[in-house]
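Subject: Structure handover

Hello,

Here is the structure I said I would pass on. Please open it first; my notes on what was found follow below.

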Amino acid sequence: MRAPLPIRQVESCALRTILLRPGADLVGFRSALRRLVADGVPPERVTWSIGDAPGLFGDAASAPSTAAAVHLPKPVAGLIPMAVPHRDPERYALLHTLVRRVLAGERHLPEVASDPLVHRLNLMRRAVARDLHKMHAFLRFRRTEDADGERFVAWFEPDHHILAAAAPFFVDRFRALTWSILTPEGSAHWDGAALTFGPPGRREHLPAGDGFEAGWRDYYESTFNPARTNLKAMRAEMPRKYWRNMPETAAIPGLVRAAAARTAQMIERSPTMPAKRDPVRAVAAMADQDPKTLDALNAIIKRSESLVPGATQAVLGEGPVGATIAFVGEQPGDQEDRQGRPFVGPAGQLLVRAMADAGVDREASYLTNAVKHFKFEARGKRRIHQKPTAGEVSHYRWWLDRELDFVAPKLVVALGATAVLALTGKAIPVTRARGPFRFERLDNRQGFITVHPSYLLRLPDEAKAEAYAAFVDDLRRVAELGRELAA
Ligand code: URA
């Protein structure tokens, strides 16, 4: 006669039915898993059943288990909470199989993406992650007020059982508020101190639209970029089913209809945007822009994008059209950006003083910059000047050339290396080229190269007086040249 099987083995041969709660019963699954592993029950002997009360054969999985915790490799432990919320009814059985194989020695199984079991579970994990992302991104609260005060309520229809997994994100974000999230499967409630879960909600339970919604719509309209309108991508990222709960989507059909026209306008308004990376294309774009006057050119500059977010405005050149002498600086500084006028900050004031000392009439001269926007780095409340790159200088060169065409000065003074780069297209050191210069790019126009006034400001005190005197000397020669050319 054969010896009786040990109890453990008898158990493992018996069929087990595990009863889990509807939705994502992570606690129940973990508890059942502990028992199944402790008892050595293979997956093919387990039936996973979903319901609220233990059935005829059901083992209520959430019943306290005395089985020891199962130590799983990290990738498996991490996969379980991401696969359990999936809608696939086989998710628990698949996870049990994975755990069983890993514990039987296939420790690196989760890394074998080609294994059909791993592949399927990975797809589940990705689908749940996507669903969580959508819920975090597309859920919109509506404000309401009842006897208990202000409350925010949202309705959302996830694809998977993710409410419990998604809720902590909203606790983090809206900790100070009182809110409820209603879904067809259950609801989550935060009272400012505790997160609780309750029965399903209905869309009709949502309070009527509020001022909050207009805010979302305004925000969306202001950030919508018509040039990037790609309906296919838009639908993939924000499927239509979410639209009805998102106030801002009411604006989408209108925005999409107007996108082509708005894109054309944008191209017209920002002709040099491609120049940041591709000057050749920018020049081609410019060719379509044919401003006939300095004012028309300035209107284009005014509407263009700044180099860095936060610049207040484009700072245009200043002075009479037909001025004999044009001064070209680098870019507006902090003061110029705030006031919208060139050379009004410390370096500009020094230039104006030196012009006066040298006998150059400021009012009769034209003052402008190679780059029309203030480029800076924010450090606390301070905005620290940043030198424009060669690419950025070339981005603005088209404008500078046209500007000088309209003003038609007889003499162009380059103040510092950036102006030299803009006017010549070459990085010529100021120290080498200081003095009279012919600008080949500007029909061989008479030029003069000198230092930038901000260079004088940066010198140590003991060197300032001499450098200033040399600068004024340069400007005296500029004045003389100007008189000769005007004669
Ligand atoms: N202010 C300007 O407008 N341009 C400069 O180059 C420096 C200061």
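Which residues are around the ligand? Going by this predicted model, they are Gly329, Glu330, Gln331, Pro332, Glu336, Pro342, Phe343, Asn369 and His452. By kind, this shell divides into three nonpolar, four polar and two charged residues. As for the site itself, the ligand sits in the largest pocket.

For Asn369, an N or O atom of the side chain is 2.6 Å from a nitrogen atom of the ligand. In the side chain of Glu336, an N or O atom lies 2.9 Å from a nitrogen atom of the ligand. On the oxygen side, an oxygen atom of the ligand is 2.7 Å from an N or O atom in the side chain of His452. The ligand would expose 230 Å² if taken alone, and the protein buries 94% of that.

Two residues of the shell deserve a separate look.

His452 is found in the loop that runs between strand E15 (445-450) and helix H18 (453-458). Is His452 buried or exposed? Its relative accessibility is 16%, and buried means under 20%, so His452 counts as buried. Besides its place by the ligand, His452 has a side-chain partner within the protein: its side chain makes a polar contact with the side chain of Ser454, at 2.9 Å.

Phe343 belongs to the loop between helix H13 (334-339) and helix H14 (346-358). Phe343 is buried because its relative accessible area is 7%, against a cut-off of under 20%. The backbone of Phe343 has a phi near 55°, which is a positive value in a residue other than glycine.

A phi near 55° is also found at Asp443, again a positive value in a residue other than glycine. Where is Asp443? It lies in the loop between strand E14 (435-439) and E15. Asp443 has a relative accessibility of 70% and therefore counts as exposed, the cut-off for that being over 50%.

Strand E15 itself holds Gln446. With a relative accessibility of 11%, Gln446 counts as buried. Gln446 and Val413 are 33 residues apart along the chain, and their C-alpha atoms are separated by 8.8 Å.

Two other pairs can be described in the same terms.

- Ala311 is placed in the loop between helix H12 (294-303) and strand E9 (325-329). At 17% relative accessibility, this alanine is counted as buried.
- Ala167 is part of helix H6, which covers residues 163-173. Its relative accessibility is 1%, so Ala167 counts as buried. The C-alpha atoms of Ala167 and Leu132 are separated by 9.7 Å, and the two residues are 35 apart along the chain.

If you want a place to begin, start at the ligand in the largest pocket, go on to His452 and its contact with Ser454, and then look at the backbone of Phe343, where phi is near 55°.

Regards

Note on methods
Residues are numbered from 1 along each chain as its sequence is written. This is a predicted model: local features need pLDDT of at least 70, side-chain atom pairs count only at pLDDT 80 or more; totals for chains, interfaces and linings use all residues. Side-chain values use heavy atoms; hydrogens and water are left out. A residue is near a molecule or strand if one of its heavy atoms lies within 4 Å of it. A polar contact is a pair of N or O atoms within 3.5 Å; within protein, one must be able to donate a hydrogen and the other to accept it, and residues adjacent in sequence count only if both atoms are side-chain atoms. Accessible areas come from the Shrake-Rupley method with a 1.4 Å probe; for residues, only the protein chains shown count as cover. On a 1 Å grid over the protein atoms alone, a cavity is a set of points where a 1.4 Å probe fits but cannot get out, and a pocket is an open set with protein on both sides within 12 Å along at least five of seven lines; lining residues have an atom within 4 Å of a point. A molecule sits in a cavity or pocket if more than half of its atoms lie within 2 Å of its grid points. Ala, Val, Leu, Ile, Met, Phe, Trp, Tyr, Cys and Pro count as nonpolar, Asp, Glu, Lys and Arg as charged, and the others, Gly among them, as polar. Helices (H or I, at least four residues) and strands (E, at least two) are DSSP runs, numbered from the N terminus. Buried means under 20% relative accessible area, exposed over 50%, partly exposed in between (1.4 Å probe, protein chains only).
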